[in-house]
Amino acid sequence: MILKIKNLKIPDIAPLNFEISENGLYGLIGRNGIGKSTLFGILSGEIGFSQGEIENGRVAYLPDVESFEESLKMHDYFKILKNSEQDRARELSLTFGADKFAKKRIGQFSLGMKELFATILSFSIDCDILIIDELFSGLDVSKKALVYEEVKKIAQEKIVLLTSHNLKEIEHFCDQAYLLSEKGLTLVTNFDEAAKEIGYMDVFF
Amino acid sequence: MKYFKFELKKFILNKRNRYLLALISSLIIVYSVYNTISFTNIFKNNITSLVQEVQTNEKSVQDNIETTEESLKTTKVKAEDDNLNNTLSDLKQKDNIYQKQIAAIGVNDINEYYHLQKEIDQLYFKQNGNQSSSGQDKFLKAEIKYIKTVQERKLDFEAMPTMQSHAFGNFHQQFIPILTSSLFIVLFASMVSILVATSYESKENRFYRFAGIDLQKNLIIKVLSGTLATFAWIIISSIIYFLVIGVVNGFGAWNYPAYLVDSDLKTGFTLTNLTIPNGILDLGSILYLFFVIFFLASLGALISVFVKRSMVVVGVIALFVMGYSMIGNVSWIISIRRFVPLSYLEPLKLFGNPSALFGKYSILIGAGYLLSLSVLFLLISVFIIKNQKTRRIS
């Protein structure tokens, strides 16, 4: 699968030209409000654009963990997936220990539970390009380790675009990382410089 | 089917819908209890008012008899004498029937009362001829038709045809008007009309897009599942109401005449469809509510794809329904009301063959009209959502 963006115009950013032709885990960093979510929205078809061209396959992007019906349970959502996706979702909920809160209604979930549920859904969906937008921020360390282990496996079969405000995670887990700034999308070769560019302070490490 | 089940479950378990259904159910329970308790008194009052009515009529006839007898004593002309004798004979016949009616009511023999009432009505036409088309003549002819219908169907009479106590009659006279009142229409709209708007508000369309679920198909499924769930609730509550009234007052007969009227400011109060069996009217009215709910749901979907806010959708529909109930009788609206969809939300009025709409075809045209508009609204909504983006950048 290939992801090709040609001359895409996003407000306040130079036209984007970008191509990923190999499966893998790709990080996308940038300061708040620069347009990462807008770019993901465009890729998923949720946001319309008037200038540029995009070549991609089926993109799966779950931007919001608050969009689930609170009165339903996790398995109600699994049931509307394709059979193969359902099997994967059940398997992953066991792997991530999410089966423990399977009987709870989503309204009773904590943020971490919602994020884990959204992660399971994201990892289960059949797609060519998977976008993960700040989905792991509420997970505890043990879960995060499991999730990254899994995402690495998935990245062997599809293109995974990952964004996180934790640059250490991006640097550590991603095959490549890109910086979105006013200048456009550029490959990150030096994480310290990229961190300065987006004003990232690693105060908690 | 799995999407339908999902949407149905979501609709039924949704907190707002549960509160609304609890509110509507409470209103109905309170109303049923009130209706059941008060009906015993109403029935007693009906009997009392029947007796009073007959006693007043009898008193008037006796006065006329006295006046006629005195006139007879003073008259000298032969022709006038014969005429007065005929009148006196008729009045005495009438008085005799009234006395029998009072006796019949005294022993609670309502069948005999109506049998005698038919005789009185027929006597009127015998004395006055059958040619007049006055309001009273029309009413008496309708009354004779009603009495004959009950007798031909070999049924027991209700004390008052307009206030039937048994379940089959009570259901359409008391329960259906509540379900089709403006208040309930707005409450139903608060559940089914905002389904699409809430999917914008909760951003759940983002999940459907993520899961590869077609948004157009999802919109149709949402509307259908909400409509079916609400309609199922209507059927269940109808059965409960019917059983409660049936157990307390008796079920009555399926084919008892419904005594349906066409009440209109322009044409007045006309007994247009009084022989329609209660059972058909009950069932027909409930089935018709499916079209009403489907119309509300699809109208809500259409408004939702434009405004995307549930409160606006409810507000607009409430404005339409309440506004139309207030201005529906304004002269220029009367001239166009057969084209206004809101004229077709009350099945009882439509079964009454309203001359202001399409007479005896009103119910069929109403169902067809609401269904066509619902399909049209859905198609427009589907077309719009197909081409809709959360936002556009340029």
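Student: Which residues is Ile293(B) in contact with, leaving aside its neighbours within four places in sequence?
Tutor: Ile293(B) is in contact with Phe188(B), Val192(B), Thr227(B), Thr230(B) and Phe231(B), once neighbours within four places are left aside; contact is taken as C-beta atoms, placed from the backbone, within 7 Å. This is a predicted model, in which local features need pLDDT of at least 70, side-chain atom pairs count only at pLDDT 80 or more, and totals for chains, interfaces and linings use all residues. Residues are numbered from 1 along each chain as its sequence is written, with chains lettered from A and ligands numbered from 1 in the order in which they are written.

Student: And how many residues has the largest nonpolar core?
Tutor: The largest nonpolar core has 73 residues, and Ile293(B) is among those with the most contacts inside it, as are Val192(B) and Leu296(B). Such a core is a set of buried Ala, Val, Leu, Ile, Met, Phe, Trp, Tyr and Cys residues joined through C-beta atoms within 7 Å, where buried means 20 or more other C-beta atoms within 10 Å of a residue's own.

Student: Which helix gives the largest share?
Tutor: Helix H11 of chain B, residues 278-307, gives the largest share, 16 residues; helices are DSSP runs (H or I) of at least four residues, numbered from the N terminus.

Student: Where does this core lie relative to the domains of chain B?
Tutor: The core lies between domain 1 (2-40 + 164-386) and domain 2 (46-152), because both give residues to it; the bounds come from an automatic or database domain assignment.

Note on methods
Buried ≥ 20, exposed ≤ 12 C-beta atoms within 10 Å, placed from the backbone. Helix = DSSP H or I, 4+ residues; strand = E, 2+ residues; numbered from the N terminus. Contact = placed C-beta atoms within 7 Å.
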